[in-house]
Every structure is written in structure tokens, then in C-alpha cells.
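Here is a walk through one protein chain, from its overall layout down to single side chains. Keep the viewer open as you read.

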Amino acid sequence: MENISPALLEWFYKNRRSLPFREDPTPYHVWLSEVMLQQTRVSAVLPYYYRFLEALPDIPALAACEEEKLHKLWEGLGYYSRVRNLQKAAKLVCAQYGGQLPADYAALLALPGIGEYTAGAIASISFGLPVPAVDGNVLRVFSRLYNDPGVITEPAVKKAFTARVMEHQPPEKAGDYNQALMELGALVCVPNGAPLCGQCPLAEVCRARAAGTTAQLPQKAKPKPRKIVPVTLALVESPAGFLVQQRPQKGLLAGLWQPVLWEDEHLLQAEVLARLTALGLDTGTAAPAALPAAKHIFTHIEWLMSGVQLRVAAQSAPAGYVWASREQLRTAYALPGAFRAYKPLLL
Ligand code: SF4
């Protein structure tokens, strides 16, 4: 196959989307955008990106940010381990590199939360280093370009595809080439539905197009079925606000806040009241109202939520809980998107 970079770069310079982290690709900007873009669309990321940079304009500010504020800035993006790793890495960058990301692929890769793709994106786009940045878009493009049925979720296949990506990379334009491949995958060689081969600068050399196999590529391993977890919530409101609790610092939604809830259990109203009483709460005589059922899908788990809402008299919060006013829930306590269905009741 002839080198694809001239046609690809020409297309990229004409068709690239203007994005803030592309117009001002400092290492911090590229890093932050790539972390936010994992599992999230560009259009959804942009408001978060602007807000985050306004609050934390550089790596030292990120390193020094209080946990609650950090979670609040990330609220709605999900996958909170991303922002926790971002801060862990920022602290290391301040301690080891004077607050500036190192212009070194291996050193970037050694930082928490920075994998091969993100290290490659920062190294090539911000520092111009000739390294790969291979994400799902790039794997899809190469799978089709070479009409290769290799399962792209397998490390050996990804390695082989990465070697091909590098065969075509012009070392002096590594960042543009990597971005061009990602952009082609995002805009033309699209993941859902038919690729727009009529608009593709690589159409003439594309083997899947010639073979008529674009719809079957890329090949992916079948995802494991998600574990279904019943969850029972109690939205308990007193004159001081809602009863909330911080989740443990490790595991699912670590460190975020939640209403009273029980995982792995679908409880009836009477059982919820008994559990609340056991916590030391005086639930009075008011009948609780049923909450609408809701579902939240995590990567490997699916929460099926139900529960009750009830008002109680003023009293101190049981151990491990606090009363949080609507205003505090809006501005200070990060409630994960898993409770999206109940946020109108809480906020
Ligand atoms: S010709 Fe079609 S299938 Fe091939 S790389 Fe271009 S958009 Fe993808």
C-alpha cells in the first residue's frame, strides 16, 4: 500500500474541526481533552472543558484543587476515576517536573491514568514526537484500509495495527497525522452506519471498500454481559435537607455522594422504614411515596433502582450521614449521573 499520509493530511487541513484543544494544543490542554473524551462525545465535553480550565487553568491549580470541587467540576461526565487519576498525575508532575508535563513518551506513560493512547496524543500533538496515538477511530480506519479481520480488542492485533500506523507516519508531522487519522474515523470512516467512502481521501487504496466488506469491519470481541444489580434508594428529607452519604474512597463512584441506598437489594417500603429506623432515624408516621424505577448503566454493571421518598422531622443525622440542603447538593456535593432520574427531586 502506498503511503497514505499526503492525501490524509491534505484532507485534514481542509476538513479539520476547529476545537479549543486543537487551536491551543498545550500539553495540559491535550491531556485534559483526551481524558475527558474517553467514553464521551466532543460536543458533550466542550462545556466541561471550558469550565474546568476556567477553574483550574494549569497543572499546579489542578494538583491543589480540593476533592469536592474537583468532583463537582467533573459531575455529569461520569467515570470519576479519570479525574482522580488526573489529579494524582498532576501532583506527581508538580513534584517531579516542576508542574510541566515531560516531553517524553515513556515518562508520560508512567503517570497515573495515562495509557499508550493518551501518552501518544500528548507526545505527538503537543511535543511533535514521532509516536503513535491509536484509539478506536484509528483501529477502525486501519481495519478497513487493510481489509483486516483481526479482532481489534486483542492486544496482539492492536500492536500489529499500530506498526502499520507508524509505517505511514511522517516523523515531522506526527501530531497532525495522528489527529488526521482520528478525525477521519470520527467524521468519515464512522463507527455507526455505513462509512462515507465517497468523501474519503483514502478511498482509492482502501481494500475493504474494494472488497465490499466495510460493514463487517472492524471485528470486535463480544462484550461480556453486564451484571444486573438491584438498588434501593431512600430520599429522606428533613427541614435541614436530604440525608446523604459519601461513598467509600475505593470502588464504584468512589468518594461521590449519594442518598441513603442499599446495593444488591430490592427492598419493600416496610423494609426500607425498618432499615432507616435501625440507622437511628425517627421516620415518624408519614407514609413514604414510591420513587419511579430507573436504570443506570456502568461499563460492566447495570443498576436497577427503585425506592421511596419521605419527609421526617428535624433531627440529627445518623452516624456516617449528613443533611445536605438543595443548594449544597447543587454547588458542593457531587452527585453522580447514576442518580440523574432522581435529581429533579433532590435539586
Ligand atoms: S474508503 Fe471507506 S472504509 Fe475505507 S477508509 Fe475510507 S471511509 Fe473507511
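Predicted model: local features only at pLDDT ≥ 70, side-chain atom pairs only at ≥ 80, totals over all residues.

Residues are numbered from 1 along each chain as its sequence is written, and side-chain values use heavy atoms, with hydrogens and water left out.

Begin with the chain as a whole. It has 16 helices and 6 strands. Helices (H or I, at least four residues) and strands (E, at least two) are DSSP runs, numbered from the N terminus. The C-alpha atoms fill a box of roughly 80 × 50 × 30 Å, taken along the principal axes. Of the 347 residues, 50% count as buried. Buried means under 20% relative accessible area, exposed means over 50%, and partly exposed lies in between (1.4 Å probe, protein chains only). Contact means heavy atoms within 4.5 Å. Among contacts between residues at least 6 apart in sequence, 67% join residues at least 24 apart.

Now the helix pairs. Two packed helices are described by the angle between their axes and the distance between the axes. Axes here are lines fitted to C-alpha atoms, for helices over the stretch in contact, and angles run from 0 to 180 degrees between N-to-C directions. Angles under 35 degrees count as roughly parallel, over 145 as roughly antiparallel, 65 to 115 as roughly perpendicular and the rest as oblique.

Take helix H3 (residues 27-37) and helix H4 (residues 42-55). Their axes come within 10 Å and cross at roughly 135°. H3 is therefore oblique to H4. H3 contributes Tyr28, His29, Leu32, Ser33, Met36 and Leu37 to the contact, while H4 contributes Val42, Val45, Tyr48, Tyr49, Phe52 and Leu53. By class, the residues of this H3 and H4 contact are 10 nonpolar, 2 polar and no charged. Ala, Val, Leu, Ile, Met, Phe, Trp, Tyr, Cys and Pro count as nonpolar, Asp, Glu, Lys and Arg as charged, and the others, Gly among them, as polar.

Trp74 itself sits in helix H6 (residues 67-74). Is Trp74 buried or exposed? Its relative accessibility is 0%, so Trp74 counts as buried. The side chain of Trp74 also reaches the backbone oxygen of Gly78 at 3.0 Å. That is a polar contact: a pair of N or O atoms within 3.5 Å, where within protein one must be able to donate a hydrogen and the other to accept it, and residues adjacent in sequence count only if both atoms are side-chain atoms.

Tyr79 is found in the loop between H6 and helix H7 (81-97). Its phi is near 45°, a positive value in a residue other than glycine. At 36% relative accessibility, Tyr79 counts as partly exposed.

Move on to helix H10 (residues 136-145) and helix H12 (residues 174-187). They pack at an angle of about 80°, with their axes 8 Å apart. H10 and H12 are therefore roughly perpendicular to each other. On the H10 side, the contact is made by Asn137, Val138, Arg140, Val141 and Phe142. On the H12 side, the residues are Tyr177, Leu181, Met182, Leu184, Gly185 and Ala186. This contact has 8 nonpolar, 2 polar and 1 charged residues.

The loop between H10 and helix H11 (155-168) holds Asp148. With 17% relative accessibility, Asp148 counts as buried. A polar atom of its side chain lies 2.8 Å from the backbone nitrogen of Gly150. Leaving aside neighbours within four places in sequence, Asp148 is in contact with Ser143, Phe161, Arg164 and Leu217. Asn147 is found in the loop between H10 and H11 as well. Asn147 has a positive phi of about 50° although it is not a glycine. Its relative accessible area is 28%, so Asn147 is partly exposed.

The peptide bond from Leu217 to Pro218 is cis, with omega near 0°. Pro218 lies in the loop between helix H13 (207-211) and strand E1 (227-238).
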